[in-house]
Amino acid sequence: MLEPASVPDQQTRHSGSFPVAWIANDCKTNLDQAVQWVIKNVEELTQSASENGAVLFRGLPIHTAEDFDRFVTAFGYDNFEYRKSLSNAVRTNFTDRIFSANEAPAEVTIYLHHEMAQTPLFPSKLFFFCQKAAESGGATPLCRSDWLFEAMQERLPEFAAACETKGLKYTTVMPGTDDAKSGMGRSWPSTFRAESKADAERKMSDLNYSWEWLDDGCLKATTAVLPAVHQLSCGRKVFFNQLIAAFKGWKDGRNDPAKAITLGDGTPLHRDTVLQVADLAETLTYDMNWQTTDVVLIDNYVAMHGRRTFTGTRKVLASLADAESHDECHGFI
């Protein structure tokens with residue numbers, strides 16, 4: 001029903017493909033058949049995502065949020081509810097599992113990042129579904145973080161070592177009410193599911209955050225030191241963080257990218273060094289140029305993602321999951 005295939009600009013390194021692609025070979029395939037195919041092949045698909053970072057499914061009869069929900073549910077992963085996350089972006093839920101991808105305006109670039117790596121709570125898997133491709137642009141860039149960290153160790157060894165030994169801290173300013181015009185617009189009551197400042201403070205204290213209440217009702221919050229590099233259970237090291245996204249993209253009327261992130265000991269980051277990391281990542285990036293009905297499964301431990309600017313209407317939905325591994329190289333030590 002689905003067959004392995006190559007796609008334009010697919011990357012090959014260390015005998016692996018990025019992304020792995022499965023394309024429907026029969027235009028008469030229905031959603032029930034697709035769901036049964038996933039159930040039958042879930043161990044292989046999970047292992048493929050864990051080893052290679054991303055798996056593309058193309059040509060399936062998936063058209064609505066409910067169709068996408070059925071496809072995702074077939075994998076048997078535990079749902080990671082967006083409303084319970086500490087993510088910065090405003091999202092709209094369509095089902096318990098399915099919600100909008102980042103709703104920032106079309107002219108805003110979402111830079112490469114691991115989903116929710118700026119928080120202590122993050123999913124192991126994420127799915128994207130293209131319900132409507134943009135008129136132009138709108139690709140989702142994907143980058144293998146193990147490949148990136150290898151390149152950093154070779155070309156920027158001192159910075160790679162500093163990230164690994166010191167970790168990172170992130171600072172965000174959250175509004176009192178959701179601001180959908182910003183990629184950083186989720187309010188502090190929504191982020192912390194808090195009904196009062198005291199409630200938010202209790203939750204931040206549990207997370208070892210520091211904070212400051214601003215005169216305009218916004219909340220300035222700084223995380224505890226979070227790892228910038230993780231080692232997978234198979235030994236591979238991944239550059240697991242939001243350094244590129246924070247340093248290049250956390251900008252709105254409240255947030256300044258230059259103040260959004262430091263090394264774990266408080267040392268400021270050197271702009272030129274971070275930009276070199278971003279340039280390295282670009283050389284390793286695959287642009288997922290969406291076709292309507294495409295679905296991509298991403299292993300959040302292995303691959304970063306982002307969003308290019310676009311014109312026209314682009315509708316991409318998302319789902320997050322926690323997955324038990326079927327592969328020895330999945331998960332952090």
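Q: How do the residues lining the largest cavity of this predicted model divide into nonpolar, polar and charged?
A: The lining divides into seven nonpolar residues, eight polar residues and no charged ones.

Q: What makes the space a cavity, and how many of 30 Å³ or more does the structure hold?
A: A cavity is a set of points where a 1.4 Å probe fits but cannot get out. The structure holds one such space of 30 Å³ or more. About 100 Å³ lies in the largest cavity.

Q: Which residues are closest to the centre of the largest cavity?
A: Of the 15 lining residues, Asn88, Thr172, Met174, Tyr209 and Thr223 are the closest to the centre. The elements that give two or more residues to the lining are β12 (168-174) and β14 (219-222). The largest share, four residues, comes from β12.

Q: Why is Phe80 called buried?
A: The relative accessibility of Phe80 is 12%. Buried means under 20%, so Phe80 counts as buried.

Q: Where is Phe80 placed, and with which residues is Phe80 in contact beyond its neighbours within four places in sequence?
A: Phe80 is in the loop between β6 (78-79) and β7 (99-100). Beyond those neighbours, Phe80 has heavy atoms within 4.5 Å of Ser85, Met116, Leu121, Phe122, Pro123, Leu320, Ala321 and Asp322, so these count as contacts.

Q: How far apart are Phe80 and Phe122 in sequence and in space?
A: Phe80 and Phe122 are 42 residues apart in sequence, and 8.4 Å apart from C-alpha to C-alpha.

Terms used:
Residues are numbered from 1 along each chain as its sequence is written. This is a predicted model: local features need pLDDT of at least 70, side-chain atom pairs count only at pLDDT 80 or more; totals for chains, interfaces and linings use all residues. Side-chain values use heavy atoms; hydrogens and water are left out. Buried means under 20% relative accessible area, exposed over 50%, partly exposed in between (1.4 Å probe, protein chains only). On a 1 Å grid over the protein atoms alone, a cavity is a set of points where a 1.4 Å probe fits but cannot get out, and a pocket is an open set with protein on both sides within 12 Å along at least five of seven lines; lining residues have an atom within 4 Å of a point. Grid points are joined across faces, edges and corners, and a volume is the space filled by probe spheres set on the points. Ala, Val, Leu, Ile, Met, Phe, Trp, Tyr, Cys and Pro count as nonpolar, Asp, Glu, Lys and Arg as charged, and the others, Gly among them, as polar.
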